Amino acid sequence: MDLSNFTTLQNLEAAFGGESMANRKYLFFAEVARKLGFKDLAKLFRETAEQETEHAFAHFELLHPELVVEDPAALTDEQKREIVSRCLSLAIEGETYEYTTMYPDFAAAAQRDRDNPAAEEFLKQAQESGEHADTFRAAAHRFGLLKFIENYHADRYTEALEVINGGQPVTRVASDDPNTRKWICRQCSMIYDPVTGDPDSGIAPGTPFEAIPDDWQCPICGATKKTFIPFEEKTAA
């Protein structure tokens, strides 16, 4: 679908928002009806809410065709990672907008109107959106690290297969330079690279492993710093 037409794009976004809101609204109505003892009506609201979800999904697929998965088995691991990474990016973008712009603006407007309950609710939601954004960022960070772990495992398996087939073992050594020497977690194989550091954990790029605080933990499995050992890399042939 051609999304270069701005009007159509806006209409799709509005339709997605409307259907999504209808889903939550009908679920709210269903809960009200359930509490009041109207079980059949509650069931009707829930069924309609599910239908609204399908409508919203259809609109969102048109807005983001890059996320449409028709045959998972036909996708490579890299393609799967790209799709999930895109989902995380959109989630971070949305939550960041909510806690930096939307809710603060709503709260300010409510305060001007002297509607304290609304202002308090908006500020509360801004805080929760910030927490959600941090959670998604952490997930995206771990997801990116897992890619390198998978590559490392695949590389080692390839080396083992070559040796079994008569090849020579690969020579690996750890760097002598603390500024470039990588370290690997013995528990999950997460690799710490001093060049990139671990910004999400407060470790700036360019920080040697030895300079990391002793209470730092592996961002993947939570293992302590003592669990890491120097990472031995392939030597040039």
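The second largest pocket of this predicted model has a volume of about 330 Å³. Eleven residues line this pocket, and Phe60, Leu90, Ala91, Gly94 and Glu95 are the closest to its centre.

**Lining of the second largest pocket**

- Helix α3, which spans residues 77–112, supplies the largest share of the lining, with seven residues.
- Sorted by class, the lining consists of six nonpolar residues, three charged residues and two polar residues.

**Proline 104 in helix α3**

- Helix α3 also contains proline 104.
- Proline 104 has a relative accessibility of 30% and therefore counts as partly exposed, because this class lies between the limits of 20% for buried and 50% for exposed.
- When residues up to four places away in sequence are not counted, proline 104 touches Glu98, Tyr99 and Ala126.
- Glutamine 125 is 21 residues from proline 104 along the chain, and the C-alpha atoms of these two residues are separated by 9.4 Å.

**The largest nonpolar core**

- Twelve residues make up the largest nonpolar core.
- In soluble globular proteins, nonpolar side chains tend to be buried together.

**Isoleucine 220**

- Isoleucine 220 is located in the loop that runs between strands β3 (191–192) and β4 (228–230).
- With a relative accessible area of 24%, isoleucine 220 is partly exposed, because buried residues must have under 20%.
- Isoleucine 220 and cysteine 188 are 32 residues apart in sequence, while their C-alpha atoms are 7.3 Å apart in space.

**Arginine 172**

- Arginine 172 belongs to strand β1, which comprises residues 172–173.
- The relative accessible area of arginine 172 is 13%, so this residue is buried, the limit for that class being under 20%.
- A polar atom of the arginine 172 side chain lies 3.0 Å from the backbone oxygen of glutamate 232.

How values were computed
Residues are numbered from 1 along each chain as its sequence is written. This is a predicted model: local features need pLDDT of at least 70, side-chain atom pairs count only at pLDDT 80 or more; totals for chains, interfaces and linings use all residues. Side-chain values use heavy atoms; hydrogens and water are left out. A nonpolar core is a set of buried Ala, Val, Leu, Ile, Met, Phe, Trp, Tyr and Cys residues joined through side-chain atoms within 4.5 Å. Buried means under 20% relative accessible area, exposed over 50%, partly exposed in between (1.4 Å probe, protein chains only). On a 1 Å grid over the protein atoms alone, a cavity is a set of points where a 1.4 Å probe fits but cannot get out, and a pocket is an open set with protein on both sides within 12 Å along at least five of seven lines; lining residues have an atom within 4 Å of a point. Grid points are joined across faces, edges and corners, and a volume is the space filled by probe spheres set on the points. Helices (H or I, at least four residues) and strands (E, at least two) are DSSP runs, numbered from the N terminus. Ala, Val, Leu, Ile, Met, Phe, Trp, Tyr, Cys and Pro count as nonpolar, Asp, Glu, Lys and Arg as charged, and the others, Gly among them, as polar. A polar contact is a pair of N or O atoms within 3.5 Å; within protein, one must be able to donate a hydrogen and the other to accept it, and residues adjacent in sequence count only if both atoms are side-chain atoms. Contact means heavy atoms within 4.5 Å.
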